[in-house]
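Here are my notes on the model you sent.

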Amino acid sequence: MSSTAAEMVISDRIAGNLKRVHEEMARACDRVGRAHNEVELVAVTKTHEAETIAVAFDQGQRLFGESRVQEARAKIPLLPAPARWHFIGHLQKNKIRHALPLFEMIHSVDSVELAQQIDRIAAEEGLHPRVLVEINVAGEASKHGVPVGNAEAALEKILALPRLSLEGLMTIPPLARDPENSRPFFRKLRQLREEVEVSLGMKLAHLSMGMSDDFTVAIEEGATLVRVGTRIFGAR
Ligand SMILES: *Cc1c(COP(=O)(O)O)cnc(C)c1O
């Protein structure tokens, strides 16, 4: 199939965006002495069509993030199999069974109850999902996530669930115009990880934090997964 001129413009723009995001990620790593391969880009594809996502795939992007199960179910089969998918949105209980086989990681386990349901369904389906626990670092009433004060107790319960592989923490800081405003929340998530690693006696490999506006700050504060949509695919 030949590409139209308009398609080529879109494809050039996404290629350029991806290149710039990777350059900024590398520079952020350099500033704090981290190895470039310590941080992976999750290209957030929600609302974008499979053809658009395929452009990023053709540019070498392999890891993608979706926040709605229905949408992901429709699109994931349209992308080549080497694409890997992470679920980053609020997971409704009645969508767990559909989500589990599609996603290699769930970033957004936002309650012990949800974790227990995932564990139960994973057992029925013979799966071992890798999960991150979403922490409501700023304590915003409007946000999902485990409050910082409950984090240790919640993580202890989630750790005891036999089917779940607990691999880290995720957060979404309050919306801010200046990315520096996100820094204290990213730092707090990293400190929380250090505390619970001691109290639970285990390592948590991942910190999922940073979006289009603040991913470089998140990398400076220790992010291992940055979730970037708009900077790659444009406004939704
Ligand atoms: C949409 C979304 C993102 C990406 O946001 P951008 O500002 O477009 O980079 C990251 N994380 C979550 C949880 C999202 O829902």
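1. A definition comes before the helix pair. Axes here are lines fitted to C-alpha atoms, for helices over the stretch in contact, and angles between N-to-C directions run from 0 to 180 degrees.

2. This is a predicted model. Mean pLDDT for the protein is 97. Of its residues, 99% reach 70 or more. Helix α1 (residues 5–31) has the lowest confidence, at a mean of 95. Strand β8 (residues 206–208) has the highest, at 99.

3. Now the helix pair. Helix α6 covers residues 148–159, and helix α7 covers residues 183–200. Their axes come within 11 Å. They cross at roughly 45 degrees. Angles under 35 degrees would count as roughly parallel, and 65 to 115 as roughly perpendicular; α6 and α7 are therefore oblique to each other. The crossing of α6 and α7 is right-handed.

4. Which residues in α6 and α7 meet? From α6 come Val148, Ala151, Glu152, Leu155, Glu156 and Leu159. In α7 they meet Lys188, Leu192, Val196, Ser199 and Leu200. By class, the contact of α6 with α7 has seven nonpolar residues, one polar and three charged.

5. Next, Glu167, which lies in strand β7 (residues 165–170). Is Glu167 buried or exposed? The relative accessible area of Glu167 is 16%. Buried means under 20%, so Glu167 is buried.

6. What does Glu167 touch, not counting residues up to four places away in sequence? The list includes Arg130, Val131 and Leu132. Leu204, Ala205 and His206 also touch Glu167, as does Met105.

Technical notes: Residues numbered from 1 in each chain as written. Predicted model: local features only at pLDDT ≥ 70, side-chain atom pairs only at ≥ 80, totals over all residues. Heavy atoms only, no water. pLDDT = per-residue confidence, 0-100. Helix = DSSP H or I, 4+ residues; strand = E, 2+ residues; numbered from the N terminus. Parallel < 35°, antiparallel > 145°, perpendicular 65-115°, else oblique. Left-handed = near helix turned anticlockwise from the far one by under 90°. Contact = heavy atoms within 4.5 Å. Nonpolar A, V, L, I, M, F, W, Y, C, P; charged D, E, K, R; others polar. Buried < 20%, exposed > 50% of the residue type's maximum accessible area, 1.4 Å probe, protein only.
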